[in-house]
Amino acid sequence: RPISRVQFVFGKFLGLAGVLTLNWLFLSLTELLLYSSLGGLPKSVTFVALALLALQAFVLAAFAVFFSSFTTTSISVMLVIGIFLIGTNVEPLRQVIQKQSDGTMKGVLTMATDLIPNLGHFNLGFLVTYGLEPEKGFLSRGILYALVWIVPLVFLTGRLLDRREA
């Protein structure tokens, strides 16, 4: 049966997400085994942090599928690495921008940081380190934030392929 480009891209994304999930499961089990071998039981925040890391990987996978629709594989990989590096540092970038004296430049840079995915929404490193609990709804906000990036990127990728084929 013929399928649309959006369905094809969605299947491609789901396949990549499946591979990432298997990798995530293996690494998560390894971390939990390390916790238990050191005599401690992981706190509940550890499980939330692991789930958020999987969501972060899915967002980056959506960008990889998007970039691969119009660039080569190596350029796509470099762009996704760039998004990861910048996206994990959006909050420090915003703090530096707030110190900017030029109002126009401050506005442009603030808008630029709003267009980059804030991967800090998926980072509980500080809380895990000190065994603190995240605020209520942190996981559900992370899931929603991931969907806000994944769904449009997958749909846009399908539409780009439709236009390129037409």
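Basis of the entries. I am working from a predicted model, where local features need pLDDT of at least 70, side-chain atom pairs count only at pLDDT 80 or more, and totals for chains, interfaces and linings use all residues. Residues are numbered from 1 along each chain as its sequence is written, and side-chain values use heavy atoms, with hydrogens and water left out.

Aromatic pairs. I found six in the structure (rings of Phe, Tyr and Trp, the last by its six-membered ring, pair if their centres lie within 6.5 Å; planes under 30 degrees apart are stacked, over 60 edge-to-face, the rest tilted). One of them is F63 with W149, a tilted pair at 5.5 Å centre to centre and 40 degrees between the planes. F63 sits in helix 2 (residues 44-68) and W149 in helix 7 (residues 138-165), so this pair ties together parts 86 residues apart in sequence (helices are DSSP runs of H or I, at least four residues, numbered from the N terminus). I noted both F63 and W149 as buried.

For F67 and F70 I read 6.1 Å between ring centres and 80 degrees between planes, so I logged the pair as edge-to-face. F70 is partly exposed, at 45% relative accessible area. Ring pairs link F63, F66, F67, F70 and W149 into a cluster.

T157. I located this residue in helix 7. T157 is buried, at 1% relative accessibility. Neighbours within four places in sequence aside, T157 is in contact (heavy atoms within 4.5 Å) with V9, V65, F66 and S69.

Definitions and conventions. Helix = DSSP H or I, 4+ residues; strand = E, 2+ residues; numbered from the N terminus. Buried < 20%, exposed > 50% of the residue type's maximum accessible area, 1.4 Å probe, protein only.
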